[in-house]
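The following exercises ask the reader to study a structure step by step.

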Amino acid sequence: MVLLTGCAAQTGDFPTIAKRPIESLPIDDQPDMERIAARNVVPNVALDSQTRTIIANQVELSRQSSKAFEQALPNARTSVAAAGSAAKGSESWAKAQTRLSELIVLRNRTAATLIIIDTMIIDAQRNAMAEDLMVDLSPMFAAQKEISAMVDAQDGELAALNRQLGGN
């Protein structure tokens, strides 16, 4: 009993155990996070300028690789169609596989930019939480959405070509 009275006798300003605003944010609901972040912006101009440059560069790289994918797609379609029901290992099958591999490399370049943006979002959220700040992440979310759409479209094309080639 004596030990407990010592704890109760302490006075002064102690950290509160009340929820911080950041702890009330939804974790799994990205659109709500975007809305909340946009409403409660605490800009960091130096970081913002650097971050916007990185985002713009990653979006441009993804657009370039997506354009290259679109330019290579007709040749891949032609090769896959020419392979038709050719046997696995045949010359036409190998040519189609080569064209698909070229598309996969281009798709992976696009996906790499998405990974960079995703990592930036996670780091920015983690840093904002550590500083108990709300930061406008909408440019990151916009880039993520744009690049993700490119990757999804490329994945769809690759899946269709693989099915046409017989899944080989």
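**Exercise 1.** Determine which residues Ser-62 is in contact with, leaving aside its neighbours within four places in sequence, and decide whether Ser-62 is buried or exposed.

*Solution.* 
Step 1. The model examined here is a predicted one. In this model Ser-62 belongs to helix α3.
Step 2. Once neighbours within four places in sequence are set aside, the contacts of Ser-62 are Thr-110, Thr-113, Ile-147 and Met-150.
Step 3. The relative accessibility of Ser-62 is 0%. A residue is classed as buried under 20%, so Ser-62 counts as buried.

**Exercise 2.** Describe how helix α4 and helix α5 pack, giving the angle and the distance between their axes.

*Solution.* 
Step 1. The description of two packed helices rests on the angle between their axes and on the distance between the axes.
Step 2. Helix α4 spans residues 91–131 and helix α5 spans residues 138–164. Their angle is about 155°, and their axes are 9 Å apart.
Step 3. Angles over 145 degrees count as roughly antiparallel. The helices α4 and α5 are therefore roughly antiparallel to each other.
Step 4. The crossing in which α4 passes α5 is left-handed. Sorted by class, the contact of α4 with α5 has 18 nonpolar, seven polar and three charged residues.

**Exercise 3.** Locate Asp-155 and classify its accessibility.

*Solution.* 
Step 1. Asp-155 is part of helix α5.
Step 2. The relative accessibility of Asp-155 is 31%. This value falls between the limits of 20% and 50%, so Asp-155 counts as partly exposed.
Step 3. Asp-155 and Leu-103 are 52 residues apart along the chain, and their C-alpha atoms are separated by 9.8 Å.

**Exercise 4.** How many helices and strands does the protein chain contain, and what share of its residues is buried?

*Solution.* 
Step 1. The protein chain has five helices and zero strands. Read from the N terminus on, the order of elements is α-α-α-α-α.
Step 2. Of the 168 residues in the protein chain, 29% are buried.
Step 3. Among contacts between residues at least 6 apart in sequence, 79% join residues at least 24 apart.

Definitions and conventions: Residues numbered from 1 in each chain as written. Predicted model: local features only at pLDDT ≥ 70, side-chain atom pairs only at ≥ 80, totals over all residues. Heavy atoms only, no water. Axes fitted to C-alpha atoms, helices over the stretch in contact; angles between N-to-C directions. Helix = DSSP H or I, 4+ residues; strand = E, 2+ residues; numbered from the N terminus. Parallel < 35°, antiparallel > 145°, perpendicular 65-115°, else oblique. Left-handed = near helix turned anticlockwise from the far one by under 90°. Nonpolar A, V, L, I, M, F, W, Y, C, P; charged D, E, K, R; others polar. Buried < 20%, exposed > 50% of the residue type's maximum accessible area, 1.4 Å probe, protein only. Contact = heavy atoms within 4.5 Å.
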